[in-house]
Amino acid sequence: MKKHLESYNILTNQEIETFLNLVTYKKLSKGDFFIKEGAICKEVAFVISGIFRSFYYSSTEEEVTYCFLSENSFITAYSSFITKTTESIQALTDIELYSISKNQLSKLEESSINWLRLFKFFAEQEYINLEKRIFLLQKESAEKRYKELLNTHPD
């Protein structure tokens with residue numbers, strides 16, 4: 001995770017060390033939930049190993065998977081920091097992750113502008129990914145979307 005944070009070239013070594021001292025190591029088993037629909041997300045995690053899926057229930061109560069997340073990525077139900085989530089994030093495999101609470105993240109934001117820059121970068125990336133998913137859903141067939149998934153996430 002240290003190398004991952006260093007790759008953004010935003011945080012100082014001290015800021016990264018501070019972050020590493022705040023995270024908690026956790027394991028989830030296949031089928032466990034990081035968050036369930038209706039809950040408020042209170043943490044962000046960095047996936048060390050394993051694969052998550054994000055899904056919601058359609059109006060007919062059918063599960064609709066809209067995103068997969070794997071190792072070396074941060075995961076959270078971002079909008080749930082503000083309100084109850086309408087999504088669930090479930091482990092498709094056994095998972096190892098590092099977790100940090102929203103409260104600790106808020107303290108980091110107050111400690112340095114670099115944290116605000118990093119969180120702004122993450123928010124921008126999430127927006128871009130969301131926009132890509134919307135465009136794929138609106139413009140492309142299920143077959144093409146599946147091929148794109150295999151192309152971008154071969155694991």
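Asn 9 counts as exposed, because its relative accessibility is 70% and the cut-off for exposed is over 50%. This residue belongs to a predicted model. Asn 9 sits in the loop that runs between helix H1 (2–6) and H2. Its phi is near 55°, a positive value in a residue other than glycine. Most residues other than glycine have a negative phi. Asn 72 is a further case, with phi near 65°. The loop between E5 and strand E6 (73–75) holds Asn 72. Asn 72 is partly exposed, at a relative accessible area of 46%.

The protein comprises five helices and eight strands. Along the sequence they follow the pattern α-α-β-β-β-β-β-β-β-β-α-α-α. Along the principal axes, the C-alpha atoms fill a box of roughly 45 × 30 × 25 Å. Buried residues account for 31% of the 155 residues. The accessible surface amounts to about 10,000 Å². Carbon and sulfur atoms hold 52% of that surface. Of the contacts between residues at least 6 apart in sequence, 72% join residues at least 24 apart.

Helix H2 spans residues 13–22, and its buried residues are Glu 15, Ile 16 and Phe 19. These three cover an arc of only 100° around the axis, which puts them on the same side of H2. An α-helix has 3.6 residues a turn, so residues three or four places apart point the same way. The face of H2 turned away from the buried side carries the exposed residues Asn 13, Gln 14 and Asn 21. Thr 18 also lies in helix H2. With a relative accessible area of 31%, Thr 18 is partly exposed. The C-alpha atom of Thr 18 is separated by 8.8 Å from that of Leu 108, although the two residues are 90 apart along the chain.

The largest nonpolar core has 30 residues, and Phe 19, Phe 34 and Phe 52 touch the most other members. At least two residues of this core come from each of H2, strand E2 (33–35), strand E3 (43–49), strand E5 (63–70), strand E7 (88–91), strand E8 (95–101), helix H3 (102–111) and helix H4 (113–139). E3 gives the most, with four residues. Beyond its neighbours within four places in sequence, Phe 19 is in contact with Met 1, Leu 5, Phe 74, Ile 100, Leu 105, Leu 108 and Trp 115.

The structure holds twelve aromatic pairs. In one of them, the ring centres of Tyr 25 and Tyr 98 are 6.0 Å apart and the planes stand at 65°, so the pair is edge-to-face. Tyr 25 lies in strand E1 (residues 24–28) and Tyr 98 in strand E8, so the pair ties together parts that are 73 residues apart in sequence. Tyr 25 is partly exposed, at 40% relative accessibility. Tyr 98 is also partly exposed, at 28%. One aromatic cluster is formed by Tyr 8, Phe 46, Phe 74, Phe 121 and Phe 122. Phe 74 of this cluster is also among the contacts of Phe 19.

Notes. Residues numbered from 1 in each chain as written. Predicted model: local features only at pLDDT ≥ 70, side-chain atom pairs only at ≥ 80, totals over all residues. Heavy atoms only, no water. Buried < 20%, exposed > 50% of the residue type's maximum accessible area, 1.4 Å probe, protein only. Arc of directions from axis to C-beta. Core = buried A, V, L, I, M, F, W, Y, C linked by side-chain atoms within 4.5 Å. Contact = heavy atoms within 4.5 Å. Areas by Shrake-Rupley, 256 points an atom, 1.4 Å probe, with all protein chains shown as cover. Phe/Tyr/Trp six-rings, centres within 6.5 Å; stacked < 30°, edge-to-face > 60°.
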